[in-house]
Amino acid sequence: MSTDGDLERAAELLRAGELVVLPTETVYGLAANALNPQAVERIYRMKGRPATSPLIVHVSSIEMARSLARQWPGEAEILAKKYWPGPLTMVLPKHASIPSNVTAGLDTVGLRMPRHPLTLEVIRRAELPVAAPSANRFTELSPTTAAHARDALGSDTPFLVDGGPCEVGIESVVLSLAGGQPVLLRPGMITKQELEDVLGCAVETASRIEGAHPSPGMHEKHYSPRTRVLLVKEEMPKQGRGVFLALHSEAAAGHVIRMPHTPGAYAQRLYSALREADARHADWIAIELPPADSPWQGILDRLRRAGMGVITH
Ligand code: TXA
Ligand code: MG
């Protein structure tokens with residue numbers, strides 16, 4: 001785990017325009033000063049991320065978030081008070097102080113206050129908003145431990161703050177408040193139903209194909225292990241050697257990894273289980289399809305992307 005000196009060092013590096021890896025409650029992030037376009041450019045280079053994929057800006061207070069948005073609607077205030085710090089990103093009209101490479105040229109910015117105490121402290125000390133995508137190469141699995149982040153970035157890994165395993169385990173919910181009606185751009189561990197209840201209005205779901213600027217969370221292939229992933233209901237693949245992420249099934253196909261039964265524990269375990277499965281260099285990873293009800297929506301979304309939507313029956 002990291003020391004107080006590490007937090008100070010991370011804050012100094014951010015102020016100096018360098019990259020650092022920071023823990024959040026969802027996944028580890030590759031962070032840079034969001035107000036410095038050269039620092040932000042380094043993120044894109046290290047990740048191999050296309051310039052068309054906007055970054056999330058992390059803040060340490062609601063006040064800091066307000067200063068980065070051109071408009072701060074009532075819905076933003078309600079949701080920030082209810083869920084921040086926590087796994088919700090709100091997309092709002094961007095303030096001119098945010099360089100255009102942070103938002104991939106869009107007129108909006110994704111803002112979120114992460115719940116990890118070490119990262120909140122680093123942002124406070126740096127006194128800067130922090131742009132941070134997940135600390136992995138483009139299309140690969142997000143890291144949920146410090147070791148995963150080092151694995152993903154290899155010898156390029158910048159100074160890293162180790163905050164232990166991530167508590168939530170999949171990426172934040174992304175909700176746009178930039179138009180008339182709230183639109184769910186990426187599901188996660190806060191459900192659409194919960195958001196609707198808190199807001200007292202309907203939340204739309206974005207279609208897979210969004211206008212001229214698709215969100216990277218919308219890319220079909222994302223959050224992927226290297227091994228071919230199949231989502232299965234009952235039938236196991238007949239050929240080759242595989243790994244099976246089992247939920248309730250007693251089937252003993254290939255090497256079995258038993259997954260937790262509740263959505264919260266499942267999400268927390270998911271990416272480490274996929275990494276373990278991938279490391280076996282098998283012919284396939286079969287994942288038992290979880291229930292379709294709402295607490296599982298964020299998980300199902302990531303599974304579909306990992307499996308390119310392939311479901312066998
Ligand atoms: O949990 C998380 O959100 C993690 C941690 C590090 O905070 N970050 C993360 O970042 O997952 P990334 O870059 O892997 O995903 C960013 C998501 C993408 O789906 C992107 O489309 C969306 O946020 N996003 C960011 N800014 C946006 C904007 N202005 N308009 C629409 N979508 C935006
Ligand atoms: Mg990512």
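The questions below go from the sheet to the helices, then to a cavity and some backbone details.

Student: Before we start, what kind of model is this?
Tutor: Keep one point in mind throughout. The model is predicted.

Student: In what order do the strands of the open sheet stand?
Tutor: The sheet has 10 strands.

Student: Do β4 and β8 run parallel or antiparallel?
Tutor: Strands of a sheet pair through backbone hydrogen bonds, in either of two directions. Strand β4 spans residues 88-93, and four bridges join it to β8. Leucine 88 stands opposite valine 173 of β8. The two strands run parallel.

Student: And do β8 and β9 run parallel or antiparallel?
Tutor: A hairpin of six connecting residues leads from β8 to β9. Three bridges join β8 to β9, which covers residues 183-186. Leucine 175 has leucine 184 in β9 as its bridge partner. The direction here is antiparallel.

Student: Which residue of β10 stands opposite valine 183?
Tutor: Strand β9 also pairs with β10. Two bridges join them, and they run parallel. Opposite valine 183 stands glutamate 204.

Student: How far does helix α1 reach from its first C-alpha to its last?
Tutor: Helix α1 takes in residues 4-15, which makes 12 residues. At 1.5 Å a residue, the expected reach is 16 Å. The computed reach is close to that, at 17 Å.

Student: Why are the buried residues of α1 said to lie on the same side?
Tutor: The buried ones are Leu7, Ala10, Ala11, Leu13 and Leu14. Their directions around the axis place them on the same side of α1, because the arc they cover is only 160°.

Student: Against which elements do the buried residues of α1 pack?
Tutor: Start from the helix itself, then follow its contacts. After α1 comes glycine 17, with a positive phi near 85°. The buried residues of α1 pack against β1 (20-22), β2 (29-33), α5 (117-126), β6 (130-131) and β7.

Student: How many residues of helix α9 are buried?
Tutor: Helix α9 runs over residues 297-306. Its buried residues include Gly298, Ile299, Leu300 and Asp301. They pack against β9, β11 (229-232), α8 and β14 (284-288).

Student: Which residues line the largest cavity?
Tutor: A search of the whole structure finds one cavity of 30 Å³ or more. The largest cavity holds about 40 Å³ of space. Its lining is Leu22, Thr24, Gly29, Ala31, His58, Thr119, Val130 and Ala132.

Student: Which two residues does the cis peptide bond join?
Tutor: Most peptide bonds are trans. Here omega is about -10° at a cis bond. Proline 85 lies in the loop between α4 (74-83) and β4. The bond joins tryptophan 84 and proline 85.

Student: Is alanine 104 buried or exposed?
Tutor: Alanine 104 lies in the loop between β4 and β5 (108-112). Its phi is positive, near 55°, in a residue other than glycine. Its relative accessibility is 13%, and buried means under 20%. So alanine 104 counts as buried.

Student: Is histidine 281 buried or exposed?
Tutor: Histidine 281 sits in the loop between α8 and β14. Its phi is positive too, about 45°, although it is not a glycine. Its relative accessible area is 65%, so histidine 281 is exposed.

Technical notes: Residues are numbered from 1 along each chain as its sequence is written. Chains are lettered from A and ligands numbered from 1 in the order in which they are written. This is a predicted model: local features need pLDDT of at least 70, side-chain atom pairs count only at pLDDT 80 or more; totals for chains, interfaces and linings use all residues. Side-chain values use heavy atoms; hydrogens and water are left out. Two strands pair if DSSP finds at least two bridges between them. The expected span of a helix is 1.5 Å times one less than its number of residues. Buried means under 20% relative accessible area, exposed over 50%, partly exposed in between (1.4 Å probe, protein chains only). The arc is that of the directions from the helix axis to the C-beta atoms. Contact means heavy atoms within 4.5 Å. On a 1 Å grid over the protein atoms alone, a cavity is a set of points where a 1.4 Å probe fits but cannot get out, and a pocket is an open set with protein on both sides within 12 Å along at least five of seven lines; lining residues have an atom within 4 Å of a point. Grid points are joined across faces, edges and corners, and a volume is the space filled by probe spheres set on the points.
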